[in-house]
Amino acid sequence: MLKEKTAIITGAARGIGAAIAKKMAQNGANVAIIDYGNEELGKIVVAEVIEKYGIKAAFYKCDVTDFEKCKEVVSLVTDEIGKPDILVNNAGITRDNLMLTMSEEEFDSVIGTNLKGTYNMTKACSRGFLRQKKGKIINLSSISGMTGLAGQTNYSASKAGVIGLTKAVAKEFGGKNICCNAIAPGFITTEMTKDLPAEDFINSIPLKRAGTPDDVAKLALFLASELSDYITGEVIRVDGGLAM
Ligand code: NDP
C-alpha cells in the first residue's frame, strides 16, 4: 500500500508512534523513526522493521521543539532514506494539573511539544511536499482537544491547536495535492496512560475496552495511503465511541 514511500514518524520509539511506524513498514514504506528520549527503544523498532519487512529504516534523535534540528533531520532523512512523502506528527507529552496549580513551565512545555513541535516538523517538510505536489500530513490530536478535559488545560489547548493547524494547512496546501488530517485518539494503552484509572474510562466507552496503539495505526495507514486521497482537513476519533 505504501511501497517506495518514505514516512517520517515523530515520537516513534514507543507507543502509538512505534505502532504507526511498524504498520507503515509492514505495508512497504521506508521509515524514519524520530524521538529524543528513547534512543535504545527507537533503534529496536528500526532493527525489527528492517528484519521483518526488508525496508529502509533509521533512527534520528531529534527534539521536535527544536526548529533548526527539525529542518536538519528532514534534510538528513531525504539524503539517507528518500524524499519524504508522509509526515506523522505524533510526538506528544502530558503534564496534567488543575488550572490553579498548573505552572507556567507545565503549560509551555506541553504547548511547545504538542503544538509547536507539529508546526516545526510540518514547516520542515512543507517545501519538499509542495515541490513534489504530493504529501500526506497526519497529526495526532486527542479527544481532549475536542471536548476539553479537567486537569488538562495545557494538553486540551495544545490538541485543539493541532486541529486548527490541521485545517489551516489542509486549506493552504490542498491545491498542491497535499492532504492534512488529524487523528483524535481516546483512551489508548501506552506509557502515557499507564497511571490513569483505566476502569473509569472503560465504563464510559461504548466498545467497553481501552484502545491499542494498533487501533490508531490502522487509521494512520489509511490516511497515509491513496485510499484517503480525497479526504483532507478531517479530524477522526479513534476512541471506541468515548467522545460521541
Ligand atoms: P508515549 O508517551 O508512549 O510516546 C510518545 C513518544 O514521543 C515518546 O517516545 C516520547 O519520548 C516522544 N517525545 C516526547 N516529546 C518529544 C519531543 N519533544 N521530541 C521528540 N520526541 C518526543 O505516548 P503515546 O504513544 O500514548 O502518544 C502518542 C501521541 O498520541 C501523542 O501526541 C499523544 O498526545 C497522542 N494521544 C495519546 C493518547 C493515549 O491515550 N495514549 C490519547 C490521545 C492522544 P520521551 O519518553 O522521552 O518523552
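In this predicted model, a polar side-chain atom of N38 is placed 2.9 Å from an oxygen atom of the ligand. K159 likewise brings a polar side-chain atom to 2.9 Å from a ligand oxygen. Of the 890 Å² of accessible area that the ligand has on its own, the protein covers 94%.

The shell that provides this surrounding consists of 29 residues, and the closest are R14, D35, N90, Y155 and T190. Sorted by class, the shell contains twelve nonpolar, twelve polar and five charged residues. Two helices, α1 (15–26) and α6 (153–173), each contribute at least two residues to the shell. The space that the ligand takes is the largest pocket.

Rolling a probe the size of a water molecule over the atoms shows where empty space is left. Across the whole structure, a search finds one cavity of 30 Å³ or more. The largest cavity holds about 40 Å³ of space.

Its lining is formed by T10, V64, N89, N90, A91, T113, G117, T118 and M121. Helix α4 (residues 104–132) supplies the largest share of this lining, four residues. By class, the lining of the largest cavity comprises three nonpolar and six polar residues, with no charged ones.

Note on methods. Residues are numbered from 1 along each chain as its sequence is written. This is a predicted model: local features need pLDDT of at least 70, side-chain atom pairs count only at pLDDT 80 or more; totals for chains, interfaces and linings use all residues. Side-chain values use heavy atoms; hydrogens and water are left out. A residue is near a molecule or strand if one of its heavy atoms lies within 4 Å of it. A polar contact is a pair of N or O atoms within 3.5 Å; within protein, one must be able to donate a hydrogen and the other to accept it, and residues adjacent in sequence count only if both atoms are side-chain atoms. Accessible areas come from the Shrake-Rupley method with a 1.4 Å probe; for residues, only the protein chains shown count as cover. On a 1 Å grid over the protein atoms alone, a cavity is a set of points where a 1.4 Å probe fits but cannot get out, and a pocket is an open set with protein on both sides within 12 Å along at least five of seven lines; lining residues have an atom within 4 Å of a point. A molecule sits in a cavity or pocket if more than half of its atoms lie within 2 Å of its grid points. Ala, Val, Leu, Ile, Met, Phe, Trp, Tyr, Cys and Pro count as nonpolar, Asp, Glu, Lys and Arg as charged, and the others, Gly among them, as polar. Grid points are joined across faces, edges and corners, and a volume is the space filled by probe spheres set on the points.
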